[in-house]
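Biologist: Please show me the two-chain model. I would like to go through it by question and answer.

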Amino acid sequence: MALLQISEPNESPEPHTRRLAVGIDLGTTNSLVATIRNAVPECLPDAEGRSMLPSAVRYAEGGAIEVGAAALAHRGDDALNTITSVKRFMGRSVADLRGDATARYQFSTPTGDGKGQLKITTRQGAMSPVEISAEILRTLKERAQQSLGGPLYGAVITVPAYFDDAQRQATKDAAKLAGLNVLRLLNEPTAAAVAYGLDKQAEGTFLIYDLGGGTFDVSILRLSRGVFEVLATAGDTHLGGDDFDAALAKYAFDTWGLTRALSPTGQANLHAAARAAKERLTSAHTATIKVNWGCGFDSSLDVAREQFTTLTQPLVDRTLTAVKRALRDAKVKSDDIDGVVLVGGATRMPHVRAALEAHFGKPPLADMNPDEVVALGAAIQADQLAGNGKSGDEHLLLDVIPLSLGLETMGGLVEKIIPRNATIPAAKAQEFTTFKDGQTAMALHVVQGERELVADCRSLARFELRGIPPMVAGAARIRVTFQVDADGLLSVSATETTSNVRADIVVKPSYGLGDGEIASMLQSAFAAAGSDMQARALAEARVDATALIGALGAAVEVDRALLSDAEHAALVSQIAHLRQLADGSDHRAIVRATEALNMASTEFAGRRMDRAVREALAGRRIDSIEKMV
Amino acid sequence: MNSFAEFGIEPTFALDLNALASRYRDLQSAVHPDRFANATDAEQRAAMARAVEVNDAYNTLKDPVRRAMHLLSLKGIDALAASDTSMPVDFLMEQVEWREALADARLKEDTDRLDALGAEIASILRSLGDTFAAAWRGEHLGVATTLARKMRFMQKLGEEVDSALSDLEQ
């Protein structure tokens, strides 16, 4: 759905106008927005010149919502209404939070069983992580539009590579809620590799080590002639700089002999003090954790770097476990890695760098700003997906899914359908059959994870295929197709092949918001802005129609040779018909005709794709693939 | 579907994996949905379908065991057919010994031993592959089928060594 290309009605978009596209790094601790200006990617600062927006949202008294530094300033005195590290709660339930030291809010769950997407209780009501993240995205969108002087065409939003489907879907929902046209969800280490690879003209096998505020990813990529091929990824979506702060905070708490649980304000202050000490220890050998508890009572503790290293080495070791798994999955050895690229503010910690140097026998590469590199890479990708790239210097990203996708089978076991580290887009079909005579319905339970038991994997969705004609057990053929798109998002369809009973779902019911919920939130947002839904629907229909007329009209002429005279005439006349409708004001007729034309051009599109394949096979002269023996 | 045809090459076992990877990148550069971000829905769907096919074919061709199975399937042989899985007794005895060694190393949490087992298995897999290539060239399909099955056994064993190593590292 093209949302933001709303130019003048009846005016076709100029083919060579630059579209305003941005990359957004929606981080646990800080978020950034970047774009391409004068062929160079750069982060866009706010009015005070700061690129980093603290990922903090405060629901203040009187209905105001503060985002960024203004919100963060109240983390101590309004702790329950000032939400930080909301990324850790994306696509998560209350039940998922057990043992998470950073979860200091009041949570609720819409379903009551602790399993649905959690909400955080604030004075302005219960807020979902999707809504809270949307506030951060909206702030960055406004910053970008002010800076670039116009409405955005679209955005690439980065997510941790190790995010599962629920977390990805939640991120996409947040972007939609913020009114952004999502060009792509892009894995953070892949974005970093793009920025690094293009900047340094790097070729070879690289390991991206991305330790952010709350998440850890490691990806291994092969960079070759503008193609960025992810070989494997591994990680932990609940491991980041926050955990190093928490370890230090706990140490101080225990050393001071405190026994009573801290108030939310006390906790927030202790955490902030621990974080400040951790940051000082990057360059200093000792730092002091100092907390003022109020009422003239305070505590302080000196910490040496060695002490901090000892306390947090287990966390660093956990990252190395993921590094080893990624190497094994990629089928490469440590010696094969041409460079280790550091991403994320937490990679400034000296013992992290030392551990990597010890493992790879060479110092990691730290010549890109680890805070900005993800946003810069996302901006580069956004620019290309918006169609701004010069043909010829396009690069290509081949990414993977981080976790296996499967179905529940008898006995609570998981049948894997698409394995982890499969390159996307990917699709796979598998056949199942009925268990009992006369069975007419089948419940499908889609899960994600590596473990063999359903109970140990993440439940993504449940759906039912009904109306199977009664047959003896084992006679029905139920073909379940999994499809993962370039965003890493899954859709599943099931068909009983002897009768063609079909069920389709986009996997999202268990987690995230329903489409209806998003629509109603958007609707209320528009109502508040005084916008006319009818006019908007018409404008959107025209944008889609105009885009199709432009693209197909050009293709039909360029590839005239791929069409018979009759086919050519039919398409041309349908294009003319759609153009006529687009001048009218019946948005439903425009949408219908657009869909019809899309359907009618399917065969033509297939032929164009065949031609592209033939050219690729014939085009570049390469040495014979068949090995001489 | 013939994955070799997808890549424009003759069906053969001995492939230069670097050249294969290079052709894979060329094909994806031509059909990947990102190349059609501003094209019509019909073209985006066609691109998606093609990119999936290219990924599938590449997965089949780059893995020696899948490549061997695929070659046999082009001759109408399903090497994994349940009706015909008899294996030579000496091979099965060896498998038992391998599994004992694996179980023992796992029990003792001996990661060095596991690493060594993994390397040994990889080397046997390579030499089985060489023998398969010769059998395929000589059109000894019965021999090739048995070899492909042996390769699958060894590959499974290798996967179990990997997963034992993963478990121990947790």
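Modeller: Helices (H or I, at least four residues) and strands (E, at least two) are DSSP runs, numbered from the N terminus. This is a predicted model: local features need pLDDT of at least 70, side-chain atom pairs count only at pLDDT 80 or more, and totals for chains, interfaces and linings use all residues. Residues are numbered from 1 along each chain as its sequence is written, while chains are lettered from A and ligands numbered from 1 in the order in which they are written.

Biologist: In which loop is A:Pro425 found?

Modeller: A cis peptide bond joins A:Ile424 and A:Pro425. Omega is about 0° there. The loop that holds A:Pro425 lies between β21 (413-418) and β22 of chain A.

Biologist: Which residue in the hairpin of β2(A) and β3(A) takes a positive phi near 50°?

Modeller: Strands pair if DSSP finds at least two bridges between them. Four bridges join β2(A) to β3(A), and the strands run antiparallel. A:Ile36 has A:Pro41 in β3(A) as its bridge partner. The hairpin has two residues between the strands, and the one with positive phi near 50° is A:Asn38.

Biologist: What is the phi of A:Ala39?

Modeller: A:Ala39 is found in the loop between β2 (30-37) and β3 (40-43) of chain A. A:Ala39 is not a glycine, yet its phi is positive, at about 70°.

Biologist: How far apart do the C-alpha centres of domain 1 and domain 2 of chain B lie?

Modeller: Domain bounds come from an automatic or database domain assignment. Chain B is divided into domain 1 (3-62) and domain 2 (89-169). The distance between their C-alpha centres is 30 Å.

Biologist: Why is α6(B) roughly antiparallel to α7(B)?

Modeller: The axes of α6 (residues 111-137) and α7 (residues 141-169) of chain B come within 9 Å and cross at roughly 160°. Angles under 35 degrees count as roughly parallel, over 145 as roughly antiparallel, 65 to 115 as roughly perpendicular and the rest as oblique. The crossing angle therefore makes α6(B), relative to α7(B), roughly antiparallel.

Biologist: Which element gives the largest share of the side of chain A that touches chain B?

Modeller: The contact takes 39 residues from chain A and 40 residues from chain B. Elements giving two or more residues to the chain A side include β15 (227-236), α7 (305-330) and α14 (602-619) of chain A. The largest share, 10 residues, comes from α14(A).

Technical notes. Two residues are in contact if their C-beta atoms, placed from the backbone, lie within 7 Å. Axes are lines fitted to C-alpha atoms, for helices over the stretch in contact, and angles run from 0 to 180 degrees between N-to-C directions.
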